[in-house]
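Thanks for coming. I will walk through one model, a few places at a time, and say how each term is used as I reach it.

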Amino acid sequence: MIDTIFIDLGDTFRVIREDPAYSLAAKRTIVDLLGADADPETFYRDVIEPRYNQYRDWALTFYCEAPEKTLWTRWLAYDFPRDRVEAAAAELTWAYRKTKGERVVTDGGAETVKELHRRGYVLGIVSDLVGVNEVDDWLDRDGLRPYFKTVQQSSVCLIRKPHPAIYYYALQACGADPARTCYVGDNLNRDIVGAKAAGLGMTVAVQYPGKKPQTVTDANRPDRFIHHFRELLDIFPPFA
């Protein structure tokens with residue numbers, strides 16, 4: 001019997017709403033914060049994104065997230081004045097996140113989380129992302145913080161999925177039994193593999209319409225697939 005549910009954020013509970021003007025403004029912010037004499041689109045395409053891809057390869061190799069100041073001084077803006085970069089690291093990270101588009105809660109997501117909470121489930125967030133302040137600001141702004149007993153972010157604990165330690169932090173914070181805990185995520189090779197490595201009792205994979213199908217193996221096979229976040233209410237009934 002599952003009584004605790006941990007949820008991924010990117011492409012699971014939150015999705016990206018593309019907005020070219022929103023993205024361009026974020027790229028311009030990066031240029032302004034760094035004092036770069038460059039066209040924002042060109043600078044992002046030719047400098048920031050290739051460097052971030054190198055960083056991401058490192059992060060995925062070592063299951064590690066770098067602190068914001070290290071991210072920018074070591075990988076993304078190492079050729080700019082260090083004092084300036086460090087002072088602006090948090091703003092730079094948030095601007096980089098916004099270059100991808102606006103992150104919004106998936107359709108029916110907030111209502112589903114509130115109903116699962118009402119039904120008696122303990123809820124938590126376990127997510128990989130850069131940036132320390134974004135998630136806290138969003139939870140407070142959307143009024144969702146009371147529904148989550150723990151929020152574990154790779155940007156805070158510096159550990160990335162599929163390393164099981166990030167799940168262990170969440171389990172400890174909730175006092176949860178791994179065998180009675182489910183993880184809900186979209187990436188089979190990180191979310192599902194990591195949850196299994198941590199000994200979680202159940203895994204659910206989100207496959208939203210239009211997303212590229214992933215290769216399912218014995219190692220990353222979830223217990224259930226869902227195609228809409230609301231389907232969690234069909235899986236997890238109210239406690240008797």
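Two residues are in contact here when they have heavy atoms within 4.5 Å. This is a predicted model, where local features need pLDDT of at least 70, side-chain atom pairs count only at pLDDT 80 or more, and totals for chains, interfaces and linings use all residues. Residues are numbered from 1 along each chain as its sequence is written, and side-chain values use heavy atoms, with hydrogens and water left out.

T203 lies in strand β7, residues 202–206. Helices (H or I, at least four residues) and strands (E, at least two) are DSSP runs, numbered from the N terminus. Is T203 buried or exposed? Its relative accessible area is 1%, so T203 is buried. Buried means under 20% relative accessible area, exposed over 50%, and partly exposed in between, with a 1.4 Å probe and protein chains only. Setting aside neighbours within four places in sequence, T203 touches C182, Y183, I192, A195, K196, R221, P222, D223 and R224.

Next, the helix packing. Two packed helices are described by the angle between their axes and the distance between the axes. The axes are lines fitted to C-alpha atoms, for helices over the stretch in contact, and the angles run from 0 to 180 degrees between N-to-C directions. Angles under 35 degrees count as roughly parallel, over 145 as roughly antiparallel, 65 to 115 as roughly perpendicular, and the rest as oblique.

Helix α4, residues 82–98, packs with helix α3, residues 68–76, at about 110°, with the axes 8 Å apart. That makes α3 roughly perpendicular to α4. On the α3 side the contact involves E68, K69, L71, W72 and T73, and on the α4 side R82, V85, E86, A89, A90, L92, T93 and Y96. By class, this contact has seven nonpolar, two polar and four charged residues. Nonpolar covers Ala, Val, Leu, Ile, Met, Phe, Trp, Tyr, Cys and Pro; charged covers Asp, Glu, Lys and Arg; the others, Gly among them, are polar.

Helix α1, residues 20–34, also packs with α4, at about 170° and with the axes 9 Å apart. The two helices are therefore roughly antiparallel to each other. Y22, S23, A26, T29, I30, D32, L33 and L34 of α1 meet R84, V85, A88, E91, L92, W94, A95, Y96 and K98 of α4. This contact has 11 nonpolar, two polar and four charged residues.

Now helix α8, residues 165–174. Which of its residues are buried? They are A165, I166, Y167, A170, L171 and C174. Their cover includes strands β1 (4–7), β4 (122–127), β5 (150–153) and β6 (181–185), along with helices α7 (154–157) and α9 (188–197). After α8 comes G175, with a positive phi near 60°.

On to the aromatics. Rings of Phe, Tyr and Trp (its six-membered ring) pair if their centres lie within 6.5 Å; planes under 30 degrees apart count as stacked, over 60 as edge-to-face and the rest as tilted. By this rule there are 14 aromatic pairs. In one of them, F13 and F229 have ring centres 5.3 Å apart and planes at 45°, so the pair is tilted. F13 is in the loop between β1 and β2 (14–17) and F229 in the loop between β8 (224–226) and α10 (232–235), so the pair ties together parts 216 residues apart in sequence. F13 and F229 are both buried.

Y121 and F236 make an edge-to-face pair, 5.6 Å centre to centre with 65° between the planes. Y121 is in the loop between α5 (109–118) and β4, and F236 in the segment after α10, 115 residues away. Y121 is buried at 5% relative accessibility, and F236 is buried at 3%.

There is also an aromatic cluster made of Y44, Y52, Y55, W58, F62, W75 and Y96. F62 lies in helix α2, residues 40–62, and is exposed, at 53% relative accessible area.

Last, the backbone. The peptide bond from K161 to P162 is cis, with omega near 15°, and P162 sits in the loop between α7 and α8. L158 lies in that loop between α7 and α8, and its phi is positive, near 70°, though L158 is a residue other than glycine.
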